[in-house]
Structures are given as C-alpha cells and as structure tokens.
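Could you walk me through this model in my viewer, one selection at a time? I would like to know what to click on next and what I will find there.

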Amino acid sequence: MGQIIEKVSKWAERILHFVISIAAIALMIYAGYAIWDAYYTQKNAFISEDLLQYKPIIVSEDGTVTITTQDTFGQLQQINEDVKAWLTIYGTNIDYPVLQGRDDLQYASEDVFGMASLTGAIYMSAGNTSDFSDYYNIIYGHHMENGAMFGDIDKYEEENYFNSHRTGILYTPGQIYDVDIYALVRTNAYNDIIYGVADKDAEDYDGLRKFVEDNYLVGTSLPLSENSRLVAFSTCSSVDTNGRLVLFASLTPSESVISPASQTTDEVSANTSASAQDDPVLRRYAKGHGIKYWALLNLICVVSTLYIMLPLSRLTKKYSQPKTSRWMINRIDEAEVPSRLLYLMTQDGDLERPQKIVKALKKFIKRMRVGVVFQILLVLLSIVVFILTENLRNPITLIDRWTPLMILILTVTGIVDDYCFVYRGEDIPEVLEDEKLSE
C-alpha cells in the first residue's frame, strides 16, 4: 500500500510540475505575443510591399498619357473583389487601395486581404456607388498615431501643412480623378449633414457645402467645376470620444488621362487569372484562400514539446541518469567479495538480485538512447509543422485545423518521455543510491 501511495505521489508531483511549467510558458508566450502584436499592428498599418506592387501607374509615351490600371485592378480584385479604387494624397502616408464592404463596419476591422485587423482598411461608404459616380462620396480610415492609414489627417490642422499637401489622385478601373483638398472640419459621428449619403444631385448638397464653408478649421471655400464631385475623407479625432476629423476635397476627372474602358470586368478577371496562379502574393491572399489566422494553442504545443525534451528544472537530473546507471553497474560488478552492499542486496534470499539490477540498468540506458532520438525527431516535426502551417504575422486564434496534429505530437512526446526516461527495472537498494549521493 505504501508503494502505491508513493508512486501516486510521484506522478501527482510530476503532473503538477508540468502543469505549472506549461502555464508559466503559456503566459510568457501570450505576453510576448501581445508586445509583438502591438508593434506589428502599428507597422502593418502602412502600405506593404505586397500591395504596393499592384498600385496603378500612369505611363507617358510621346506626350500621350495612358493609364495601365486595368491589369492592376484585375489583380487586386483577385486578392479581394471589394477593391474599387486606389487613393494617393501626395506627400502623405495616404496611399492605399479603397474598398467597399457590405456595410460601413466590415472594413473597419478587416484588411484588404479579408483578415481580421485592428487597423482595418481604407474604404468608401456602402451607400455610395462603387464607381464614384455619385456627386458626394465618403471614404473612411482609422486614425493611427504613427501616421498610417488616415493618421496624417490631423496634421492638416496646421495651416502650413494643409497648404503644402492639397493634391492627390484617385484611380478607378475606368477613370482617374484629380483630388484637390479644400477644407478640414471637426465634427462628430452623428452629423447627418456630413454622413448622410444618398443618390442626390449637386443642388441637393447645398446644405453640406454651406456647412463646410461655415465650420471649417483650416482651408478655403473652393468653388467646384460642373464636372467635379465632392469627397470626404473621414477619420477619428482624439479630442472627443465620438469626434471626427473630415477632410473635404473635390474629385475632377483628369483631362490628360485616356480612360481605357475597352475591357469589361469579366475580361480583366480572365486576363489576370493566369498571373494569379503564378503570383505567390495573389495565390496566398486570394479572398477565401490561404492561411488567415495562427493558433496560440499550436505554439503552446510546440513549446511544451520542446520543454518535455529539455525540462529546465530537471534537465541535469534527466540526462545524468545514464552516467548514474553506469556508476551503479560498475559498483555492483566491482563487488566480487561478499560486502555489506551485496549482503543488503541479497538479504531477502534472492542471490540473483544484483545481476537483475545490472540487467535492468543496461536496458534502461539503451531505452534512454532510443528516447533521445525519438524526442529530437518529434520536436523537429513539431517545429516544422508549425512553421509550414502558421504565420505569426496573421491574426491570432485559439485553435485551427492543425491543432489536433500538434496535440498528437505533444502527447506522443510525453509518452516517449515517460517510457524511456523513467527507470522501471529492479528496485535499487537505498544504500546504493545513498552511496552515490554521498560522493
């Protein structure tokens, strides 16, 4: 009964030690991830090289300006069919594709790749016509303190900055618009005059134009030409909880641009489908495909598997067992005359007990060697699977479809550790263990 209680106690101690260690590791991992996520969120809010390569460009040949947006937008729509335009404000960090979601909340928390994101994307109002044919259009973006997204809009409160950053360009698949900024307004999220978007004619927005002229912080009253449209760039204001900063500009079709309207959207998609197969960015981020999250539990499994192989608090004890076992084997073999040690080992009448202990210890050493090889292979397998299936730059989730495999690898590692690194042979007399410890 006493032996059973002792074994149960040892198992309970091992399990408790393991649980505490894994909990501590999990907390450290999550804390590290929180720091990394905060950094990466800020950094990732800027336009990435992945996206920048699809930015539309204008090529001028022999004085004739042509637009090469068709293939570009076809490729962008392979990534996300909700891409409707590309907005650039010269001299600022505002240089992003413009999306349009099912409502005005979707892309507040979802990026252009369709992944959950605290920074979201630059997006136009769901109430607007996607080709910017409405007289009044609204484009939203988060205010990032590092200047990403629409974080530069608050700089327009300085008159010098406002006057030196008043132009930009808006590309669409069928037209390019010159952007001329003329006023900055501070308001709140409940201003129906600004945020009421509807299919109206120019004269229906007289009240909006008057509101802007009466309330702008910086800017000027800029008369619009007959073919110009209004656009509002809206972002949060740090002054008030529901405060908003809105930059008003005009959209004027660029007179020097030849609009390439010869291809339909279907034709563009057909022409770009082949390039999407060859492009790793398109292949990875095509909406509805690729890896969108990485699983925290999978990382914990990897670290736990590594910890089983290299237990920090028991590392010396675990891997010194072969040396200790060989010492015990030599000590027994060297006792050729009946000594106190052999007497104690055989006093129960089992004269073969010393040889049984030697045999058990030799088997244990061989089993440990096999265990080391297996654990190394299992740890490598765990790391390789994690690297191939997870991407820490993506948003976090608790589990994914690879989690069962990661748990299986962890479980097998634990079984190997228990079988190969725990001595299960003939009991070694305490006097022999004490003799070893006393040295």
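Start by selecting arginine 424, which is partly exposed because its relative accessible area is 44% (buried means under 20%, exposed over 50% and partly exposed in between, with a 1.4 Å probe and protein chains only). Aspartate 418 counts as buried, at 18% relative accessibility.

A word on what you are looking at: this is a predicted model, in which local features need pLDDT of at least 70 and side-chain atom pairs count only at pLDDT 80 or more, while totals for chains, interfaces and linings use all residues. Residues are numbered from 1 along each chain as its sequence is written, and side-chain values use heavy atoms, with hydrogens and water left out.

How many salt bridges does the structure hold? There are six. For another one, select arginine 186 and glutamate 157, whose side chains meet at 2.6 Å, N to O. Arginine 186 sits in strand β8 and glutamate 157 in the loop between β6 and α4, so this pair ties together parts 29 residues apart in sequence (helices, H or I with at least four residues, and strands, E with at least two, are DSSP runs numbered from the N terminus). Arginine 186 is partly exposed at 26% relative accessibility, and glutamate 157 is partly exposed at 36%.

Next, go to helix α6 (residues 206-215), where lysine 210 and aspartate 214 are four residues apart and so separated by about one helical turn. Their side chains meet in a salt bridge of 2.9 Å, N to O, and both residues are exposed.

**Strand β8 and its partners**

Color β8 (residues 176-188) and β7 (residues 167-171): five bridges join these antiparallel strands (two strands pair if DSSP finds at least two bridges between them). They form a hairpin with four residues between them, and isoleucine 169 has aspartate 178 in β8 as its bridge partner.

Click on leucine 184 to see both pairings: opposite it stand leucine 247 in β11 and valine 218 in β9.

**Two backbone angles**

Most residues other than glycine have a negative phi. Phenylalanine 132 has a positive phi of about 60°; look for it in the loop between β5 (123-124) and β6 (136-140). Phenylalanine 132 counts as buried, at 0% relative accessibility. Then select methionine 149, whose phi is near 55°, in the loop between β6 and α4 (159-164). Methionine 149 is buried too, at 3% relative accessibility.

**Surface patches**

Switch to a surface view and select Leu306, Leu310, Leu315 and Tyr319, which make a nonpolar patch of about 300 Å². Patches are made of residues with over 30% relative accessible area and no salt bridge, joining like charges within 9 Å and nonpolar side chains (Val, Leu, Ile, Met, Phe, Trp, Tyr) within 5 Å. Leucine 306 lies in helix α9 (residues 296-309).

Finish with Lys323, Arg326, Lys362, Lys366 and Arg369, which form a positive patch. Helices α11 (321-334) and α13 (353-389) each give two or more residues to this patch, and α13 gives the most, with three.

How values were computed. Areas by Shrake-Rupley, 256 points an atom, 1.4 Å probe, with all protein chains shown as cover. Salt bridge = Lys/Arg side-chain N within 4 Å of Asp/Glu carboxyl O. Lys, Arg positive; Asp, Glu negative; His and termini not counted. Charge placed at Lys NZ, Arg CZ, Asp CG, Glu CD.
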